[in-house]
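Visitor: I would like to go through the terms used for this protein and see what stands behind each of them. Could you show me the model?

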Amino acid sequence: MKTEIILLGHGSRRAEANQGLLVVAEKVSSLLGQPVTPAYMAHDRPSLPEAVAGKINEGASRIVIMPLFLFRGIHVTIDIHEELSELCAQHPNVEIVYTKELGADDSIASLACERIKEAIVE
């Protein structure tokens, strides 16, 4: 079973903000040792449906979608699920797995502390 990974970000009208998702996708790809495709909810491409279609065209039978969102807002709880329902209906032979968002994880708190300490030291 060929598994592909999509890292889903919100997207921004500012191109430099969208570049951040590309960098994170590259870092995750390096850590996992396999390609990770960035996709956007809005303002940039590929969109989630475009990224999923691309992975299916490459022969994926399972696609893991990781939302790079901190908390369970409207996109995470409703919008993405609506898109995924449509994608699952269009591609019933492909397993689409949706992971949890980043959430209130200890690693997020540690990173926040790191950023605060950087500001205090400067």
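**Terms and the values behind them**

Guide: This is a predicted model, in which local features need pLDDT of at least 70 and side-chain atom pairs count only at pLDDT 80 or more, while totals for chains, interfaces and linings use all residues. Residues are numbered from 1 along each chain as its sequence is written, and side-chain values use heavy atoms, with hydrogens and water left out.

Visitor: Why is Lys2 called partly exposed?

Guide: Its relative accessibility is 37%. Buried means under 20% relative accessible area and exposed over 50%, with partly exposed in between (1.4 Å probe, protein chains only). Lys2 therefore counts as partly exposed.

Visitor: What makes Glu4 buried or exposed?

Guide: Glu4 has a relative accessible area of 6%, so the residue is buried. Of the 122 residues of the protein, 30% count as buried.

Visitor: How do you know that Glu4 and Lys2 meet in a salt bridge?

Guide: A salt bridge is a side-chain nitrogen of Lys or Arg within 4 Å of a carboxyl oxygen of Asp or Glu. For Glu4 and Lys2 the N to O distance is 3.4 Å, so the pair meets the definition. Side chains of opposite charge can pair when their charged atoms come close.

Visitor: Which residues are linked in a network of salt bridges?

Guide: The network links Lys2, Glu4, Lys55 and Glu58. The structure holds 9 salt bridges.

Visitor: What makes Glu50 and Arg45 a salt bridge?

Guide: The closest N and O atoms of Glu50 and Arg45 are 2.0 Å apart, which is within the 4 Å of the definition. Glu50 has a relative accessible area of 30% and is therefore partly exposed, whereas Arg45, at 61%, counts as exposed.

Visitor: Where do Arg14 and Glu16 stand, buried or exposed?

Guide: Arg14 and Glu16 are both exposed. Their side chains meet in a salt bridge, at 2.4 Å from N to O.

Visitor: What counts as a helix or a strand here?

Guide: Both are DSSP runs, numbered from the N terminus: helices (H or I) have at least four residues and strands (E) at least two. The protein has 4 helices and 4 strands, and along the sequence they follow the pattern β-α-β-α-β-α-β-α.

Visitor: How many of the contacts join residues at least 24 apart in sequence?

Guide: Contact means heavy atoms within 4.5 Å. Among contacts between residues at least 6 apart in sequence, 73% join residues at least 24 apart.
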